[in-house]
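Reader: I am new to this structure. Please take a close look at one helix for me, and set it in its surroundings.

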Amino acid sequence: MFKKFQNAVFEGIQNPKKRNLILGATFIAFVLSVLMIAPSKMVLAKMLPGKNNDTFTIYTTLAEGSSIEQTNRVTECVAEFIKKEKNVENFEIFLGMGAPLDFAGLIKGSHFKNSENVAEIVVNLTKKHHRDEPSYFMVQRIRPSIQESCTKLYDNTTITFVEPPAGPPVLAAIVAEIYGKDADGIRELSNRVKEVFEKTDGLVDVEVMQDEIYDTFEVEVDGTKASLSGINLKQLNDVLYLAFEGMQIAVKNSDVVNDQIPIYLSLSLESKKFSSKDIDAIKAKLSSLKLMNSAGMMTPITELVTIVPKNSNPMIMSKNLHQMTNVMAETDMVSQVYPLIEARDAILKNFSDKYEIEKIGLFNLKLIDKNSKNVYELIWDGEMEVTLDTFVELGAAFIAALVLIFLLMVVYYKSYTLSGIILLGSFLSIIGVIVGHYIMDLFVSDTFFLTATSLIGFIALIGISSRNSLLLIDFTASLMRDNKMPKAEAIAYATATRAKPIFLTAAAIILASTLLAGDAVFGGLGVALIFGTIAAVVASLIIVPILLYKADLNRHFNLDDA
Amino acid sequence: MNSYKPTDIAGKLASGFLRNPLTVVLGIFLLSIGYLALSIMPREENPQMVVSGSTVIVALPGASAAEIQKAIVKPLERKLKEVKGVENISSMAMDNVGIVNAAFFIGEAKEDSNLKIYDKIMQNSDMFPKGAMNPIIKPLDIDIDIPVVSVAFYSKNEKMSKTELYDRVKEIQHHINGLKNVAVTELKGGNKHQFNVEVDLDKLSGYNISMGQIVQGVQSLSYSVPAVKNRTKENEIIMLGVKNAIESADDIGNIIIAQYMGSPIYLKQIAKVTSSYDIQNFKSATISKKDESGNFSQLQNQVTLSVSKLQGTNAVIIADAVKSELESYKEFLNKNEIGYVITRNDGQRADEAVNELVYHLLLSIVIIAILLIVVLGWRESLIVTFTVPAILAITLFVAYLTGQTINRITLFAFLLSLGLLVDAAIIVIENIHRHYHSKESANKSVDDIMIEATDEIGPPTNIATLAIIMTMVPMAFVGQMMGQFMKPIPANVPVALIASLFVAYIFTPYLAVRILKKPDFHSEEKH
């Protein structure tokens, strides 16, 4: 076995035909594997895949100005669906507020929720060891049916599913920030972007972060009449507030209960309800409310005021001092990169009727309204942005690692050629990483993504495979120096001798990584290490000897002057 | 005795420790500090992230969203922009209130950031318009904001009033808050006591009374005063207390609001006065849970008690403490017909995640040991297998000293380094094995073979390990959330690798001398 391998290497490196064949094949394999990522999308990239959790949260948001009773109806609708699930242990509904804060909620602003149109439903599942279905599959399965039947109860209701993130939390998978100068233009554009998102495959839970404009009424006070009847505005406000909102007008201290007991005054629920949503109904109620002036004279409120309908003032959002609105979407078990590109293409194609579109940066767009000449910008944010940044930074870390290793080798060997061979040998492990992801993708039921952890594994691999090559070259050098072996023989002997520890350490890495490969987050790291190590072994036992043979070793090992 | 002169640090370490009686003490010491670190280090599921930011809320009652934006949000944004380290400023202008949030770059120190924002607002408190309320500054604090345990209390008795549950839970809250390292406890859901005066609009207009009169009437009688102190002629002190006029809902109902045609109008005539709960509170929390037969119970009112921990403390211990504290209230709760469900237990989750990974780690070690038995023989395998816990022990202890916690990512860093850290030992043992079995060394002393074999492999192993460490160094500079999240990898893998070198050079030859058998060269050679 040992001899056979030694002979094979010995003959292989001396045969120019075989040499070139192997080098050529390696080059083609390298190019092909890189092609697998970029144009062919055989291997898909994502920052982090989903994680199997024991809990998830459903956010329901009704249109601004909806009542708690309406919100309750939507949550009860959702609850009916949850009750059918056999893997649910319990669930809690928090009406009008956020659930106890978690990591995802912190970013999504769950702790600021304090209005009648919001609710959160916490769904606790049975422990994951007793459950066949991962939480992300369950969410994917129940999402369409819940959204279909519960969002249509009231207009503009959104129901989103929030799972604890596998890594750092983000606002949403895809966020399109629409910047502009005028609120109406931003509103119109963001609604159009929302429509595009809704039509894009793989995007779910689409939501625009803006208040709907709804009808309100305003009480206008006739100043002259008010002063003539000796009534001030504060009095009027107080009475209106007392009557319909109610107010705590006094407190009573108590040693029985834990807080002071307030005395709360309001009209009774039955008598304060308006009979319908129009001016006449409001007037009818207000006419029964009277104000007393300092002289003790009673004046009905309706004598002093007129009631006019108006639109509500929607919230104005800005980021870094620029007015903007977020359009957000989650991805349905797919990477966010590809739906984003698809949505962007759709925007480029369909929005040209009203806007002139310019591309800025990598994906961002600048839209100019053809009529009003108003300028809007569409900037992508969310997990997408984090993914890009992370991949870019990890890529930079990767290049920095290569440079550091190269410098280290140059310091050690004092030869650029040998350092280059080591670097080249370690770079080839990328073939294994990419092919490994493709193979895994064939075997698992959901998509196996190339993730940030895959990149980390890849970076670690450079070190591992350069260690292999290094031990090989070092042994060759000592054979040639101490035992005065000829080049080819020394390379062959060294390769055959070092093959055993190289195989052993590779086997150790592969075995240690198999347990990593099963994890959702670190699967990419495991797979990168397993398949990358295989490629690294092949590289250091086949490619590196060939390259070594082609190099002038006597000169590089400084044997000539010795 | 030792004729071979080592040239590399590897050989020097090997020869220094080979016959040293302290080597075994060192080994035991390393293992025990590792075990100590494993048991006392705080455990959590995800690594701690330094995320800082503050939210400033300013209310200006009566202003519209556009007015708020101009008068409050824009000046505030400009001021916050001056603060160093702020990455993003986002703001919301709504009717009556403006909210501006400043998010710092990931990794900016929390305390400093909070202080900077507070300073900036206080220095410029004159910028707010007239009529604006005092700004509320809410710093973001992941540790305190995110509870590690939440418990839902519900009533088993349908007739229990809405406030009673809240009252009982509030009593428990106080005790839970007293537990060690508990930072904040919070209640969600439930209703507070309140006297409700619900006025009938028709009667109000029928008696020709205004709401203002009711307010005056109630306020005039709900005034508490301290007792009056006076002396008798013999200088004895006599306290004279004024009893609160309002003790019950009936007292409120009997307040006279006005005179109508000469006869008094009592509040109870025009309003329903009850002692019940805060009816204006639209928030509520409900829970439904599955019973043994697999059916869900009706949604019933609940009060959720959430508990968060202080930074750097062990979620596992706090969760257990909360659990046992609740156990001690079992009788109290049973008596009051209150049941509870633990709806979140991050401590348990962290413990499970950590234990699962520790199990994986052990499994990997066993698998590698089996591999080595097959390839190298069981004696060699035993030696390499011993080095793994020693290396992990050193790494754990260093992680403990640098204030890290045991979390998923730390353990993944260990799993990742596991494949790498046996390398040094394997290379050394393999070289010893090769030298042992080669003919040239047949006449050398065992010690010399050990030292020579270790020394020979030293320089390339050092440089190769250094190469792997080099690959990890740039990763430490990756910023953003992901960089923070992954920090345990560049923090721990290099430590493990350096430890693996020392352990390989010190313990591998030491154990090899005692465990390996020198082959008999007079019989046939193996290879």
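Author: Chain A of this predicted model has an average pLDDT of 81. In chain A, 94% of the residues score at least 70. Where pLDDT is low, the predicted coordinates should not be read in detail.

Now the helix. H13 of chain A covers residues 416-427. That makes 12 residues. From the first C-alpha to the last, H13(A) reaches 16 Å.

Which residues of H13(A) are buried? They are Leu418(A), Ser419(A), Ile421(A), Ile422(A), Gly425(A) and Ser426(A).

Is Met485(A) buried or partly exposed? Met485(A) has 17 C-beta neighbours inside 10 Å, so it counts as partly exposed; a buried residue needs 20 or more. Leave aside its neighbours within four places in sequence. Met485(A) is then in contact with Leu479(A), Met480(A), Ala490(A) and Tyr493(A).

Chain A also touches chain B. The contact takes 101 residues from chain A and 110 residues from chain B. On the chain A side, 65 of the residues are nonpolar, 21 polar and 15 charged. Strands link the chains too. Strand S2 (residues 88-95) of chain A and strand S13 (residues 284-289) of chain B run antiparallel, joined by six bridges. One of the residues involved is Phe94(A), whose bridge partner in S13(B) is Ala285(B).

Chain B has its own helix H13, at residues 346-376. Ala353(B) lies in this helix. Ala353(B) has 18 C-beta neighbours inside 10 Å, so it counts as partly exposed. Setting aside neighbours within four places in sequence, Ala353(B) is in contact with Glu45(B) and Arg408(B). What separates Ala353(B) from Phe153(B)? Along the chain they are 200 residues apart, and their C-alpha atoms are separated by 27 Å.

Technical notes:
Residues numbered from 1 in each chain as written. Chains lettered and ligands numbered in written order. Predicted model: local features only at pLDDT ≥ 70, side-chain atom pairs only at ≥ 80, totals over all residues. Contact = placed C-beta atoms within 7 Å. Nonpolar A, V, L, I, M, F, W, Y, C, P; charged D, E, K, R; others polar. Pairing = 2+ DSSP bridges. Helix = DSSP H or I, 4+ residues; strand = E, 2+ residues; numbered from the N terminus. Expected span 1.5 Å × (residues − 1). Buried ≥ 20, exposed ≤ 12 C-beta atoms within 10 Å, placed from the backbone. pLDDT = per-residue confidence, 0-100.
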